[in-house]
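This briefing is meant to be read beside the sequence and the coordinates. It goes from the surface to the aromatic residues and then to individual positions.

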Amino acid sequence: MAPGGRVLISGDGNVFKGLVKRKSPEEQELEDKQHQLAELEEELSQRELDLATLTAELQSCEQLYMTVMGWRYAELDAIRAQIAKQRLESNPTSSQARTEYTRAKEQARASAESAGEHPREAAPERFTPPEELRKLYREVAKHVHPDLAVDDEDRAIRTRLMAQANEAYEQGDADRLRAILEQYEASPEAVRGETIGDKLIRLIRKIARVRQRLEAISEEIAALEATPIGQLYARARESGESVEWLLERLAKHVDEEIAGALEEWAQLVRKRGWR
Amino acid sequence: MSEEKRLTPRPVQGITTGNDLIQRGLEAVQRLSGRQVLSRVKDILPPPFEWVEIPGGKVTLKPGGYLKDYTTFEVKPFVIAKYPITNAQFARFVEAGGYHQKQWWTECGWRTKEEGWGWVITDTDDDVIYEPTGRPWTRPRFWQYSDWNQPEYPVVGVSWYEAMAFCNWLSSKVGTRITLPTEQQWQRAAQGDDGREYPWGNEPPSPQLCNVAKWAGRTTPVTRYPAGASPYGVMDMSGNVWEWCLTGWKTGTTDPEGDELRVLRGGSWVSDHDNTRCAGRVRGYPGYRYDSGGFRVCASAAS
């Protein structure tokens, strides 16, 4: 750069040869690797964001599902157990009726237990991260990710900060994300002196670690998508429905099943009463 | 949450609680949307059309063809049409150009149709032989005869190939696979769980229950015999028209390609009582077009 901020350019458009220091092969390699790592960091931060978003979305979907559907299935199973009981009482010697009743009772108990943790009131709010929050999280992941650590000590710090960042993201806490970012940027990691060879080795290690993490993220996302709630969520998205609408439809269906089961139970009770 | 736990791959179980209840909901949603898709058939075909849900269970078939002995099969839940396909319903396929669109036909089916296989009286004697006539089929046999072509009467004069082409066309219109029932599915829909002789029970056929033994002298509307419905409410399973099944007679194949003989079930307006039992099985060349042969459609319950 020439004084006054202008670049000196020769007639054929090349930068003055006298001003350019030829890079050593090591320096060139270092630059290539730095470039490669920068690209991978970009990808990593995006994928970490994808994973954190999916995790939080599925968690909130699951909360909602259990609030809307949990007690309904528990109620349905309780009525079915009562029906099985009526059948057994009107036919006490039938081993099939006994097996049925045992099975229905166990199912009712299990459903009540699962549903019990989720009261039917107060449907939780769905996780909907604003763009600003997503951007902040990506920044944090890019700078703070433990797989970009230089040594064990640094890795420990980054691991702690990244865990805090995940929590802050799920809670929609932008201020805390910003604080995490500032906190890390103020850390002395970058200023340590070292040879090109040291730097190169460290870069190569970082690249390998980031690649491993990218693979692990893909696996985690696939595992999340394969869960029942992941499949329900995907179904809603594919058909352009909201999860709320899908659950509303499902709730209506189970309500009809409950009504049908109640009717069946009432009929059985009436029938036994006439004897 | 501990730091380690938060950053190492999280166990899926840790993410979701109440997995069983969610799995149930997922299955219910899958069934519901399957039903929604299947109900589109009613927008495409004129009434009467209903799907009947048949629960999974066992069915025992008589020996014959690929079955050397009585054999019990486990059938998964499925849905089947309440009535045989009517003339008015089959007309939608004819009007849509189905006889000219190769994509709905199997290879053998298309060739047989193009060659116009049919019964021909030989010059030398009065023998009737089945051979190519050179006149491609463009509609069911008997399509123009008022004895057979009334809107709510079952379509007759359709080969197995035409029945399959209709299924393929309908599948594409609806967006899910609709096909002929296998003979196991057919018998389960007719018989239910108690091994009954006839769809309505064990009493012999009567003119209030079904159209057999030439009592009516022809086919009858598919809604005429509610008293003869199967335990699931499927109608006309005994008599009126023989119904093509997907199943091949010799090997039991359900692959639609090839020219293997296919199973027919249920007997027709001509049949004696034996052939009209739930368990009665006969076979037919897939290119034959009987005046007593029609079909009904079915689909997987989870489609």
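Which residues make a nonpolar surface patch of about 230 Å²? In this predicted model, the patch is made by A:Leu262, A:Trp265 and A:Val269.

**The nonpolar patch in chain A**
- A:Val269, one of the residues of the patch, is found in helix α8 of chain A, which covers residues 243–274.
- With a relative accessibility of 34%, A:Val269 counts as partly exposed, because that class lies between the 20% and 50% cut-offs.

**Chain B as a whole**
- Chain B contains 8 helices and 12 strands, and 54% of its 303 residues count as buried.
- Among the contacts in chain B with a separation of 6 or more, 68% are accounted for by residues 24 or more positions apart.
- The accessible surface of chain B is about 13,200 Å², and carbon and sulfur atoms hold 48% of this area.

**Aromatic pairs**
- Over all chains, a search of the whole structure finds 29 aromatic pairs.
- One of these pairs is formed by A:Tyr137 and A:Tyr169, whose ring centres are 4.7 Å apart and whose planes meet at 40 degrees, so the pair is tilted.
- This pair links distant parts of the chain, since A:Tyr137 lies in helix α3 (residues 131–144) of chain A and A:Tyr169 in helix α4 (residues 152–170) of chain A, 32 residues apart.
- A:Tyr137 is buried at 0% relative accessibility, and A:Tyr169 is likewise buried, with a relative accessible area of 0%.
- In chain B, B:Trp117 and B:Tyr130 form a tilted pair, with 5.9 Å from centre to centre and 45 degrees between the planes.
- Here too distant parts of the chain are linked, with B:Trp117 in strand β5 (residues 117–121) and B:Tyr130 in strand β6 (residues 128–132), 13 residues apart.
- B:Trp117 is partly exposed, with a relative accessible area of 24%, whereas B:Tyr130 is buried at 14%.

**Aromatic cluster and charges over rings in chain B**
- One aromatic cluster is formed by B:Phe90, B:Phe93, B:Tyr99, B:Trp105, B:Trp110, B:Trp143, B:Phe166, B:Trp169 and B:Phe295.
- The ring of B:Trp105, which belongs to this cluster, has the charged end of B:Lys113 sitting over it, 5.6 Å from the ring centre.
- B:Arg289 lies over the face of B:Trp137, at 4.1 Å from the centre of that ring.

**B:Glu162, a buried position**
- B:Glu162 is found in helix α7 (residues 160–174) of chain B and counts as buried, at 0% relative accessibility.
- Apart from its neighbours within four places in sequence, B:Glu162 is in contact with B:Phe90, B:Tyr99, B:Trp105, B:Trp137, B:Arg139, B:Pro140, B:Gly157 and B:Arg289.
- Among these partners of B:Glu162 are B:Trp137 and B:Arg289, the ring and the charge described above, as well as B:Phe90, B:Tyr99 and B:Trp105, which are members of the aromatic cluster.

**A:Gln36, a partly exposed position**
- A:Gln36 has its place in helix α1 (residues 25–90) of chain A and counts as partly exposed, at 25% relative accessibility.
- The C-alpha atoms of A:Gln36 and A:Ile204 are separated by 9.8 Å, although these residues are 168 residues apart along the chain.
- Leaving aside neighbours within four places in sequence, A:Gln36 is in contact with A:Ile207 and A:Arg211.

Note on methods:
Residues numbered from 1 in each chain as written. Chains lettered and ligands numbered in written order. Predicted model: local features only at pLDDT ≥ 70, side-chain atom pairs only at ≥ 80, totals over all residues. Heavy atoms only, no water. Helix = DSSP H or I, 4+ residues; strand = E, 2+ residues; numbered from the N terminus. Buried < 20%, exposed > 50% of the residue type's maximum accessible area, 1.4 Å probe, protein only. Contact = heavy atoms within 4.5 Å. Areas by Shrake-Rupley, 256 points an atom, 1.4 Å probe, with all protein chains shown as cover. Phe/Tyr/Trp six-rings, centres within 6.5 Å; stacked < 30°, edge-to-face > 60°. Lys NZ or Arg CZ within 6 Å of the ring centre and 35° of its normal. Patch = residues over 30% accessible without salt bridge, like charges linked within 9 Å, V, L, I, M, F, W, Y side chains within 5 Å. Salt bridge = Lys/Arg side-chain N within 4 Å of Asp/Glu carboxyl O.
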